[in-house]
Amino acid sequence: MTDMNRKSGSNILELRDIDVIYGKSVAIHDVSLKVPEGEIVTLIGSNGAGKSTTLNTIAGIVKPSRGSVVYKGEDITKLPTDKRVQMGLCLVPEGRHLFPFLTVLENLQLGATQRKDSAGIKSDFDFVYDLFPKLKDRRSQKAGTLSGGEQQMVAIARGLMSDPKLLCLDEPSLGIAPIVIEEMGVAIKEINKSKGTSILLVEQNVHLAFSTASYCYALQVGELMAEGDIESIKNSDVVKKAYFGGDKEA
Ligand code: ATP
């Protein structure tokens, strides 16, 4: 499947021709991508490729110097981050950004501060505790005392407590043991399946990215170098060369 024949009407998110410049250096140039409603899409790239810049642009933390961010058919390029969260667009940032001296429960409650539907909040607590049973056991523990994997679970669960329609995950595998990365992949697919949440997964770990998503964009030094469904990306010569140094299987 190429970008041309992905239906534009059913996209929850579209980035159109985005440039982001920090001072005098161009971080990303001419980045366009789409997340169809209900799909898991991944954005891969090595260190400094511009993945976080792309997600921060979607979340409204970074302002693009060119291009537009379209969410549910509406141009939100100039909308502040809190308004985007209210519209169901949620970023789980790289490095988790938890409140280490607050408990797991308190961190999760903070995710729901913009909501008033108490029944929905309760059912989302049930959902995240089913998804990550360890968090239920440790709900009274200070978040800063958890392992890296458990902290990443709290970060994702806190994002879910805002009832997102589009969940953007920035490198959830970072600093996490391989077995926990696998659990993370299972959880990401479960969120998508059970709640129908659209997901944009930014990853350097191509194994997690390829086992989770249905469509992939690959960034290299601030520009998209390839896109396609997972099988075609795995077999793409440019991606093989960039990630695996030649013709090796992805
Ligand atoms: P990583 O995987 O290491 O997090 P990334 O793909 O997410 O990398 P970005 O963090 O988006 O990449 O960085 C893209 C480029 O922009 C890099 O060259 C980086 O040094 C630069 N950059 C990022 N944030 C800033 C900033 N606040 N000010 C100046 N330059 C920045």
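## Chatting through a predicted model

Modeller: Let's start with Ser173: setting aside residues up to four places away in sequence, Ser173 touches Ile181, Glu203, Asn205 and Leu208. Bear in mind that this is a predicted model.

Colleague: Thanks! Where is Ser173 found?

Modeller: Ser173 is in the loop between β7, residues 166–170, and α7.

Colleague: And is Ser173 buried or exposed?

Modeller: Ser173 is buried: its relative accessible area is 9%, and the cut-off for buried is under 20%.

Colleague: You mentioned α7. At what angle do α4 and α7 pack?

Modeller: The angle is about 145°, and the two axes are 11 Å apart. Helix α4 covers residues 118–131, while α7 covers residues 178–195.

Colleague: Is the crossing of α4 and α7 left-handed or right-handed?

Modeller: Right-handed.

Colleague: Which residues make the contact?

Modeller: From α4 there are Asp124, Phe127 and Leu131, and from α7 there are Ala187, Glu190, Ile191, Ser194 and Lys195.

Colleague: How do the residues of that contact divide into nonpolar, polar and charged?

Modeller: The contact of α4 with α7 has 4 nonpolar residues, 1 polar and 3 charged.

Colleague: Nice. Let's zoom out a bit. How many helices and strands does the protein have?

Modeller: There are 10 helices and 10 strands. The radius of gyration is 18 Å, close to the 18 Å that the globule rule gives for 250 residues, so the protein is as compact as a globular protein of that length.

Colleague: What does the C-alpha trace span along its principal axes?

Modeller: About 50 × 40 × 35 Å.

Colleague: What share of the residues counts as buried?

Modeller: Of the 250 residues, 51% count as buried. As for the surface, the protein exposes about 11,600 Å², with carbon and sulfur atoms supplying 53% of that.

Colleague: And of the contacts between residues at least 6 apart in sequence, what share joins residues at least 24 apart?

Modeller: That share is 67%.

Colleague: One more spot, then. Where does Gly88 lie?

Modeller: Gly88 is in the loop that runs between α2, residues 81–86, and β6, residues 89–92. Gly88 is buried, with a relative accessible area of 5%.

Colleague: Which residues is Gly88 in contact with, leaving aside neighbours within four places in sequence?

Modeller: Gly88 is in contact with Tyr71, Asp163, Pro164, Lys165 and Leu166.

Colleague: And what separates the C-alpha atoms of Gly88 and Arg16?

Modeller: Those two C-alpha atoms are separated by 20 Å, and Gly88 and Arg16 are 72 residues apart along the chain.

Terms used: Residues numbered from 1 in each chain as written. Predicted model: local features only at pLDDT ≥ 70, side-chain atom pairs only at ≥ 80, totals over all residues. Heavy atoms only, no water. Axes fitted to C-alpha atoms, helices over the stretch in contact; angles between N-to-C directions. Helix = DSSP H or I, 4+ residues; strand = E, 2+ residues; numbered from the N terminus. Left-handed = near helix turned anticlockwise from the far one by under 90°. Contact = heavy atoms within 4.5 Å. Nonpolar A, V, L, I, M, F, W, Y, C, P; charged D, E, K, R; others polar. Rg over C-alpha atoms; globule rule 2.2 N^0.38 Å. Buried < 20%, exposed > 50% of the residue type's maximum accessible area, 1.4 Å probe, protein only. Areas by Shrake-Rupley, 256 points an atom, 1.4 Å probe, with all protein chains shown as cover.
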